[in-house]
Amino acid sequence: MVALLCEACLALPQLLRNFRRRSTEGMSIKMVLMWLMGDVGKTLYFVIKRNPAQFWICSSIQITIDILILGQVYFYGKRQRIPTDTDTDLSSSPVKKRKPSL
């Protein structure tokens, strides 16, 4: 059961990162759509084959996370990204850039 929950929550760090950054910049929407298609197919298989409930419950969690990420893509795509303290601005770094030596 623990392994199933771990797999079900694989996309959770991405969901949380998007939420903290208020952006999905750099994310592949195609990738999330493929996750969703795979998770829906897997869930249908588990239900049709009458597998134990923990299988379709965990895959339903995956579907929920996929849909939430797609919701973030829609919602954050309408707004400009808000910088957070976890962002690093390399342009204001005190380290000076070296010129390449020949």
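A salt bridge is taken here as a side-chain nitrogen of Lys or Arg within 4 Å of a carboxyl oxygen of Asp or Glu, and the structure holds 2 of them. This is a predicted model, in which local features need pLDDT of at least 70 and side-chain atom pairs count only at pLDDT 80 or more, while totals for chains, interfaces and linings use all residues. Residues are numbered from 1 along each chain as its sequence is written, and side-chain values use heavy atoms, with hydrogens and water left out.

**Overall fold**
- The protein chain has 4 helices and 0 strands, where helices (H or I, at least four residues) and strands (E, at least two) are DSSP runs numbered from the N terminus.
- Of its 102 residues, 25% count as buried, meaning under 20% relative accessible area, with exposed over 50% and partly exposed in between (1.4 Å probe, protein chains only).

**Salt-bridge network**
- The side chains of Glu7 and Lys42 meet at 3.3 Å, N to O, and this pair links helix H1 (residues 2-8) with helix H3 (residues 29-48) across 35 residues.
- Lys42 also forms a salt bridge with Asp39 at 3.8 Å, N to O; these two residues lie 3 residues apart in helix H3, about one turn of the helix, and shared partners join Glu7, Asp39 and Lys42 into one network.
- Asp39 counts as buried because its relative accessibility is 9%, whereas Glu7, at 37%, is partly exposed, as is Lys42 at 22%.

- Ser59 lies in helix H4 (residues 53-77) and, at 1% relative accessibility, is buried.
- Beyond its neighbours within four places in sequence, Ser59 is in contact (heavy atoms within 4.5 Å) with Asp39, Lys42, Thr43 and Phe46.
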